[in-house]
Structures are given as structure tokens and as C-alpha cells.
Amino acid sequence: MLDKTIAFLGTGNMAEAILKGLLRAGTAKPENIIATGRRPERLEELQRAYGVRTTSDNLAAAREADIIVLSVKPQAMDKLVVQVAPALDHRKLIISVAAGVPIAALERRLGAGARIIRTMPNTPSLVGAGACALARGEHASQEDLAVASRIFQSVGTTTVVDENLLDAVTGLSGSGPAYIFLVIEALSDAGVKVGLPRYTALKLAAQTVLGSAQLLIETNAHPGQLKDQVTSPGGTAIAGLHTLEAGGLRTTLINAVEAATRRAKELGEQFLEKSER
Ligand SMILES: NC(=O)C1=CN([C@@H]2O[C@H](COP(=O)(O)OP(=O)(O)OC[C@H]3O[C@@H](n4cnc5c(N)ncnc54)[C@H](OP(=O)(O)O)[C@@H]3O)[C@@H](O)[C@H]2O)C=CC1
Ligand SMILES: O=C(O)[C@@H]1CCC=N1
């Protein structure tokens with residue numbers, strides 16, 4: 001149990017996933033979590049669902065909390081950071097989940113000495129199956145990194161990386177759930193096309209993705225080896241695989257991760273420009 005108050009500044013999809021995961025794991029108590037937002041109906045919904053404290057006053061939340069999670073969209077981050085900067089002194093641990101936003105740019109807004117951990121989580125955190133990468137800012141201590149890691153470990157796996165790799169992480173695992181949901185939806189449509197009822201097709205598709213990932217992680221085997229185990233000579237899987245290769249699945253996935261990584265960099269550059277004004 002974390003004996004600290006955590007404020008989520010901007011409680012949308014990603015912050016809710018972390019918040020719910022933290023409560024589910026028993027890492028934080030609802031009374032030690034403050035969730036901020038703009039719309040009263042959203043705050044009521046969060047209060048009702050999780051019993052956390054809610055407010056539209058970011059500055060008051062930042063003043064009260066020990067740990068501040070910056071969780072608005074990158075495009076809204078500069079305004080938020082300028083607003084809460086007076087409350088964010090070196091006694092606070094600041095965790096950013098924003099795609100692209102560099103630590104140096106946040107430090108420029110928050111002043112020298114700001115203890116910042118930049119992270120890239122993903123939405124499966126909601127069910128304790130997240131994948132999060134973390135990078136430590138110059139003024140954050142090893143202890144700060146350990147506290148941030150504990151938060152994200154309670155909702156999934158964590159990896160510490162150099163900050164310059166976080167845009168790539170954003171392209172792969174941060175954005176990855178969107179790719180996989182598209183794949184599951186497409187596989188379900190395919191199941192319907194070959195005659196399965198919709199619900200049966202969706203259940204089979206989702207479990208196939210989950211089970212394959214679990215098999216890979218638990219056996220630590222190479223994905224090619226596990227693919228070969230499914231693929232009999234002259235059988236069904238090779239017929240399907242040939243079609244996927246002809247459709248350029250690998251190249252398409254590589255291009256997707258590259259495009260998302262590029263977009264994370266662009267978002268960071270836009271933030272930098274704003275923070276220089
Ligand atoms: N979604 C994802 O899969 C991932 C997202 N991220 C990062 O998480 C961050 C949030 O993304 P996501 O959760 O998807 O976005 P959402 O739009 O779902 O959440 C952002 C929330 O912030 C609120 N908000 C906006 N401005 C303010 C403000 N000034 N004060 C208080 N609340 C505010 C919004 O309220 P309102 O609805 O009223 O506008 C909204 O609820 C981004 O920086 C993104 O890069 C990182 C990893 C994965
Ligand atoms: O699309 C986005 O910008 C966010 C960041 C990572 C995943 N979703």
C-alpha cells in the first residue's frame with residue numbers, strides 16, 4: 001500500500017485505467033486518490049465508480065498530493081503545466097504519461113529541480129495487464145523511480161528505458177492495444193464470413209490472441225518456433241499465413257509502429273515550441 005496521496009490531473013481513458021488498476025491491486029486507497037477533470041458529470045461518474053476524491057481544481061489537487069500524474073492529452077499539457085507549476089516544487093514527484101512530451105520541456109516549465117518520471121503505459125492496465133516503460137528525469141531519484149515503478153507494477157509489467165526510447169515505446173506498446181483490437185475485430189468479422197455466430201467468433205478471436213501471447217511469454221520461445229508448431233505441411237495454417245504474407249502484414253505492422261513513433265516525436269516538438277514561448 002502506497003502511503004501517499006496521488007493526484008491524476010486529467011482523468012480520461014489512461015488515468016482511469018491506472019486508477020482502477022491501483023485500487024484493484026490494493027496499492028492505493030480511494031481516499032488517497034484525487035482525480036481532476038473539466039466536466040462535472042465525468043467527476044461524478046469517477047466518484048461513484050471508484051469512491052475517489054474528485055475536483056476541477058488542478059492547482060488545489062497538485063498542492064495537496066505527494067505524487068502528481070500529468071494525464072491530459074499532449075496538446076493540453078502546456079496549459080495544464082503552466083497552471084499547476086506554482087504547486088509543483090521539488091517535494092512533489094511528477095509522473096507524466098503524455099505521448100511525446102520530453103522531460104526537458106516539462107522541466108523548463110516547472111523550474112530546475114523538478115522530480116519528473118516520464119512514462120508510457122497502455123490501457124490494459126485497467127485489468128492489471130498493462131505494459132509500461134519509465135524513464136527518470138535528471139532530478140528524480142532512484143527512490144522516485146522505484147515509487148513510480150511500484151504504481152505501474154500494480155497494473156502490469158514495467159521496464160526502465162532511456163528517455164530517447166519512449167517515442168518508440170509509444171509507437172509499439174502505448175498505441176499497440178489499438179492495433180490488436182483492430183486485429184481481433186477483423187478476425188471476428190472473418191469468423192462471421194466463414195459462418196460463425198458473431199459472439200462465438202469474437203470470443204474465439206480474443207482468446208486466441210490472449211492465449212498466443214501467454215504461450216509466448218510463459219515458454220519464452222521464439223515466435224517463429226511457436227508459429228511452426230501450428231503449421232503442418234500442406235495444412236490450413238500455411239494457407240492462411242501465405243495470404244497474410246501476400247497482404248504484407250509484417251510490413252504493415254512495421255509501418256504502423258514507425259508512423260506512431262513519428263507522431264509521438266511531432267507531438268513532443270509541438271510541446272517544445274509552446275514551452276519556449
Ligand atoms: N489512451 C491511451 O491508450 C494512452 C494514453 N496515453 C497518454 O495519456 C494522456 C491522456 O490520454 P487519454 O486518457 O487517452 O485522453 P482522454 O481525453 O481520455 O483523457 C484526458 C482527460 O483530461 C481531461 N482534461 C483535459 N484538460 C483538462 C484540464 N485542463 N484539467 C483537468 N482535466 C482536463 C479531459 O477532460 P474532457 O473529457 O472534459 O476534455 C479528459 O477526461 C495523453 O497524454 C496520452 O498521450 C499514454 C498511453 C496510452
Ligand atoms: O493515441 C495517442 O496519442 C495515445 C498515446 C499512446 C496511445 N494512445
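Reader: Where in the fold is Asn-58 placed?

Author: Asn-58 belongs to helix H3, which covers residues 58-64. Keep in mind as we talk that this is a predicted model. An unreviewed UniProt entry includes Asn-58 under the annotation "binding site".

Reader: Is Asn-58 buried or exposed, and how do you know?

Author: A residue is called buried when 20 or more other C-beta atoms lie within 10 Å of its own. Asn-58 has 24 such atoms within 10 Å, so Asn-58 is buried.

Reader: Which residues does Asn-58 touch?

Author: Leaving aside residues up to four places away in sequence, Asn-58 touches Leu-9, Thr-36, Leu-80, Gln-83 and Val-84.

Reader: Why does Asn-220 count as exposed?

Author: Here the cut-off is 12 or fewer C-beta neighbours inside 10 Å. Asn-220 has 6, and therefore counts as exposed. Asn-220 sits in the loop between helix H9 (198-219) and helix H10 (223-230). Its phi is positive, about 60°, although Asn-220 is not a glycine.

Reader: What makes a set of residues a nonpolar core?

Author: The members must be buried residues of the nonpolar kinds, joined through C-beta atoms within 7 Å. The largest nonpolar core here has 61 residues, and Ala-7, Leu-9, Ile-68, Val-69, Leu-70 and Ile-95 touch the most other members. Helix H1 (residues 13-25) gives this core its largest share, six residues. In soluble globular proteins, nonpolar side chains tend to be buried together.

Reader: Which residues does Val-69 touch?

Author: Not counting residues up to four places away in sequence, Val-69 touches Ile-6, Ala-7, Phe-8, Leu-9, Ala-15, Ile-95 and Val-97.

Reader: What makes up the shell around ligand 1?

Author: By class, that shell has 12 nonpolar, 11 polar and four charged residues. Of the 27 residues around ligand 1, Gly-10, Gly-12, Met-14, Ala-98 and Ala-99 come nearest. H1 and helix H4 (74-84) each supply at least two residues of the shell.

Reader: Why is the shell around ligand 2 said to have three polar residues?

Author: The residues around ligand 2 are Ala-99, Thr-170, Gly-174 and Ser-175. Ala counts as nonpolar, and Gly is grouped with the polar residues. The shell therefore has one nonpolar, three polar and no charged residues under these classes.

Reader: How is the chain divided into domains?

Author: The chain has domain 1 (6-164) and domain 2 (176-258), with centres 34 Å apart, taken over C-alpha atoms. UniProt, in an unreviewed entry, lists residues 163-267 as "domain: Pyrroline-5-carboxylate reductase dimerisation". That span is 83% helix and 0% strand, and its end C-alpha atoms lie 15 Å apart.

Notes
Residues are numbered from 1 along each chain as its sequence is written. Chains are lettered from A and ligands numbered from 1 in the order in which they are written. This is a predicted model: local features need pLDDT of at least 70, side-chain atom pairs count only at pLDDT 80 or more; totals for chains, interfaces and linings use all residues. Domain bounds come from an automatic or database domain assignment. A residue is near a molecule or strand if its C-beta atom, placed from the backbone, lies within 6 Å of it. Helices (H or I, at least four residues) and strands (E, at least two) are DSSP runs, numbered from the N terminus. UniProt positions are given in the numbering used here, feature names are shortened, and annotations may be inferred rather than shown by experiment. Two residues are in contact if their C-beta atoms, placed from the backbone, lie within 7 Å.
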